[in-house]
Amino acid sequence: MSDGFDRAPEQTKPQRAPPSSQDNIPQQNSESVMAKPQVVVAPVLMSKLSVNAPEFYPSGYSSNYTESYEDGCEDYPTLAEYVQDFLNHLTEQPGSFETEIEQFAETLNGWVTTDDALQELVELIYQQATSIPNFSYMGARLCNYLSHHLTISPQSGNFRQLLLQRCRTEYEVKDQAAKGDEVTRKRFHAFVLFLGELYLNLEIKGTNGQVTRADILQVGLRELLNALLSNPMDDNLICAVKLLKLTGSVLEDAWKEKGKTDMVEIIQRIENVVLDANCSRDVKQMLLKLVELRSSNWGRVHVTSTYREATPENDPNYFMNEPTFYTSDGVPFTAADPDYQEKYQELLEREDFFPDYEENGTDLSGAGDPYFDDIDDEMDPEIEEAYEKFCLESERKRKQ
């Protein structure tokens, strides 16, 4: 990898069109023209381009980040400005993560040399990941990379430990946040979804080289779901649905391995919410669809492999331990898809993570939400029939 960011390719100014023939072709007398046809040769234009010319940037393009980064961090007066500039750049161009993260980490290793600097770095990334919904996934990937590549490990804790401590401060006020005002709940929902991304992306490497997920986050997500379902306002329930769509299959697999029935209990609580909670009809439909998704094993297809050891090459089900998502055209994709990152980012940009709704489902933002605008006032006949069967079955179970 190069010492700095890949420089923007040097672009040249377009050559001027050759001057008209009137300016360059010598005037011939009529006799010479009649005597012998002349072959007109365009004169050779000398280029005015120089290898020392400054790089060209399109109008409106900000090159401050690229120029400063090529010189290291000398042009940034503070760590905060340098990190924030990179985070903004990564937010706008998520595809640059793979090519630029190594240089970013190397530069941080030369700058983050104190406890305070490490704390500041953690806070900057946390704020970006919880204030920009589209950055939660990328922020989790960034946290995972830095947790393995930052060399500083002070007594107060390494990068991952400080990150989890920062998350714990929000986690400890989960019950108050879930029942707080609208602004407080929005901030809480952003934290919940970021923690879900951390659970999927933060890798813990054991002494024997094995890679696992952080069990502490698994426990935390269970309690966050409890807080959301205990305060069944529409936006809390929407957040719970999104969290379970994101992490449900992975959580259930992990709980099953430990012999736990946590997901069964969560689904039971959701069914009770559908029957009893005073939430909007639209949200109840979302909850029913989630129950249906889980009943189909989160949309996963199990194929029995004939090989003793499963690998991506010999087992079609190798990647099926991850959630299934859908593009805007309804095409399913998982982590096995080579374009997973781009498709997932498109999915995040397409969804409104925090719609503003009153308890009756009324949109408070002034603009309609694409998801709810597509739902008619009346239930789809198929969904209505399924809903009635669900209510009857639930009532029968209660009487038993």
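## The chain as a whole

What percentage of the 400 residues in the chain is buried? In this predicted model, buried residues account for 42% of them. The chain's secondary structure consists of 17 helices and four strands.

The accessible surface of the chain is about 23,500 Å², and carbon and sulfur atoms contribute 49% of that area. Among contacts in the chain with a separation of 6 or more, 67% are between residues 24 or more positions apart.

## Helix 4 and helix 6

Helix 4 covers residues 79-92 and helix 6 covers residues 115-131; their axes come within 10 Å and cross at roughly 30°. Angles under 35 degrees count as roughly parallel, so helix 4 is roughly parallel to helix 6. The crossing of helix 4 with helix 6 is right-handed.

On the helix 4 side, the contact is made by L79, A80, V83, Q84, L87, N88 and T91. Helix 6 contributes A117, E120, L121, L124, I125 and Q128. By class, the contact of helix 4 with helix 6 contains eight nonpolar, four polar and one charged residues.

## Helix 12 and helix 13

Helix 12 (residues 234-257) packs with helix 13 (residues 262-276) at an angle of about 155°, and their axes are 10 Å apart. An angle over 145 degrees counts as roughly antiparallel, and helix 12 and helix 13 are therefore roughly antiparallel to each other. Their crossing is left-handed.

From helix 12, the residues L237, L244, G248, L251, E252 and W255 meet D262, M263, I266, I270 and V273 of helix 13. The contact of helix 12 with helix 13 is made up of eight nonpolar, one polar and two charged residues.

Note on methods: Residues are numbered from 1 along each chain as its sequence is written. This is a predicted model: local features need pLDDT of at least 70, side-chain atom pairs count only at pLDDT 80 or more; totals for chains, interfaces and linings use all residues. Side-chain values use heavy atoms; hydrogens and water are left out. Axes are lines fitted to C-alpha atoms, for helices over the stretch in contact, and angles run from 0 to 180 degrees between N-to-C directions. Helices (H or I, at least four residues) and strands (E, at least two) are DSSP runs, numbered from the N terminus. Angles under 35 degrees count as roughly parallel, over 145 as roughly antiparallel, 65 to 115 as roughly perpendicular and the rest as oblique. A crossing is left-handed if the near helix is turned anticlockwise from the far one by less than a right angle, and right-handed if clockwise. Contact means heavy atoms within 4.5 Å. Ala, Val, Leu, Ile, Met, Phe, Trp, Tyr, Cys and Pro count as nonpolar, Asp, Glu, Lys and Arg as charged, and the others, Gly among them, as polar. Buried means under 20% relative accessible area, exposed over 50%, partly exposed in between (1.4 Å probe, protein chains only). Accessible areas come from the Shrake-Rupley method with a 1.4 Å probe; for residues, only the protein chains shown count as cover.
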